[in-house]
Amino acid sequence: TTYSDWRNAGGLMTPYHAVVAETEKPDYKWDCKTVQHKSTLSKDAFAPLVPGPSDETLAPNAPPIPFTMEANHIVFNVSVNGRPPIGFILDTGADQNVINSTRLEEFGLTTYAKTTTTGGGNSAEYAYAAGATFTLPGVELRNQHVSALDQVGLERALGVKFGGILGYDFISRLVIDIDYENQLITLHDPGTWKYSGTGVMVPVIFDNGIPHASGSIGVPTKPEIPAYFVVDFGAAETATLTSAFVKSNDLTRLAQTNAIVNRPAGLENQFFAQNNVRGNLQRLSIGHLTVNNVPMNMSVNTKGAYASTNFSGTVGESIYSRYHCYLDYSNYRIILEPTPEANKPFPEREIYGLTLLASGADLHTYTVAAVRPGSPAEADGRSEEHTSELQ
């Protein structure tokens, strides 16, 4: 927001014009016509706020919470407003807690107000809801304000039912201890928890609730390209570089390994939709962590977050899941302890050339949304057709 046309109004300098700029939206302008001052405010109006009762309860010895990896996303069961538990995605890339809007009635929630958000590929409309209480083993967050976003497309892509996403408003309250080897999450009180290990530190800063970290990448002829990453535990890949960062550093020529554009067939209009080509980095560093020979995605998006110039890309689960991780927002850091997986070479993604989307009440009906020309899937499909003709 840019303020201008400052004038003396009753002894106070006041802006009479402002311009509000938002990503992918036209500027909004306003002009002030008159100014009124209240001169009878009491001193009580400026008194320090008095904290109310806490909206969070964490048991001293909260038990570890089991989770599953669904298409490389952490999913664990959460009860909303006393309803039966349902899977929620843990996502550091979400600036707030999000309810799947198709389950609002099921959770006893109603919405108010609407706005839009920009996802990885597109914008999406969402609303707000109040009065959401989240209950997990040993922890409860009461009477929370949440956003409500239609996540049916995400359910169809991953083949799993979701109640929503737990983001900054959940993660920032606790230290999240993620044990990928045993698929357990342990929640700690940030006021009493102390770290005494020798893990690698990734210092983070927060932009609207989303953690970012400085780093760099290395490719042939350019061994040290500065980068500014989103620390995204809700992203499945090792890394996905924004189309602007790819273009400005000539990475299509220097790092691309496959020119085929991978598209989310059948879900092109979803907020998370991405269009990527494959590449490889000789080195990727984020904070004090360095990994070598990393296969990754390079975005070709022309809109959405992955077309932004505000950051270089996301670093995701295919890297973090090789470590025992601690999300310690209160100390502005992520801690990564290597496991045996950390020393293994990164496997290149195997692509069959078939896009499946789940549907039906149990998401167990699968539809072939697309078959890539020249892919193994197309060859196998032709073989099946030929066999059927012979029979």
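Residues are numbered from 1 along each chain as its sequence is written. In this predicted model, local features need pLDDT of at least 70, side-chain atom pairs count only at pLDDT 80 or more, and totals for chains, interfaces and linings use all residues, while side-chain values use heavy atoms, with hydrogens and water left out.

The account begins with the interior. A nonpolar core is a set of buried Ala, Val, Leu, Ile, Met, Phe, Trp, Tyr and Cys residues joined through side-chain atoms within 4.5 Å; buried means under 20% relative accessible area, exposed over 50%, and partly exposed in between, with a 1.4 Å probe and protein chains only. The largest such core has 67 residues, of which F76, F170, I178 and L284 touch the most other members. Its largest share, five residues, comes from strand β23 (residues 289-299); strands (E, at least two residues) and helices (H or I, at least four) are DSSP runs, numbered from the N terminus. A second, separate core comprises 12 residues, including A94, A124, F162 and I165. In soluble globular proteins, nonpolar side chains tend to be buried together.

Contact means heavy atoms within 4.5 Å. Beyond its neighbours within four places in sequence, L284 is in contact with residues including S216, F229, L289 and V315.

Two strands pair if DSSP finds at least two bridges between them. Strands β18 (residues 210-219) and β19 (residues 222-231) pair in the antiparallel sense over seven bridges, with S216 opposite P226 in β19. These strands form a hairpin with two residues between them, and T221 in the turn has a positive phi of about 75 degrees. With β24 (residues 313-315), β19 pairs in the parallel sense over three bridges; there, F229 has G313 as its bridge partner.

Strand β23 also contains S299, which counts as buried because its relative accessibility is 2%. A polar atom of the S299 side chain lies 3.0 Å from the backbone nitrogen of N301. Leaving aside neighbours within four places in sequence, S299 is in contact with L241, T242, S243, N275, N276 and Y306.

Two asparagines in loops complete the description. Most residues other than glycine have a negative phi. N81, in the loop between β7 (74-80) and β8 (86-90), has a positive phi of about 55 degrees. N208, in the loop between β17 (205-207) and β18, has a positive phi of about 60 degrees. N208 counts as exposed because its relative accessibility is 62%.

Methods. A polar contact is a pair of N or O atoms within 3.5 Å; within protein, one must be able to donate a hydrogen and the other to accept it, and residues adjacent in sequence count only if both atoms are side-chain atoms.
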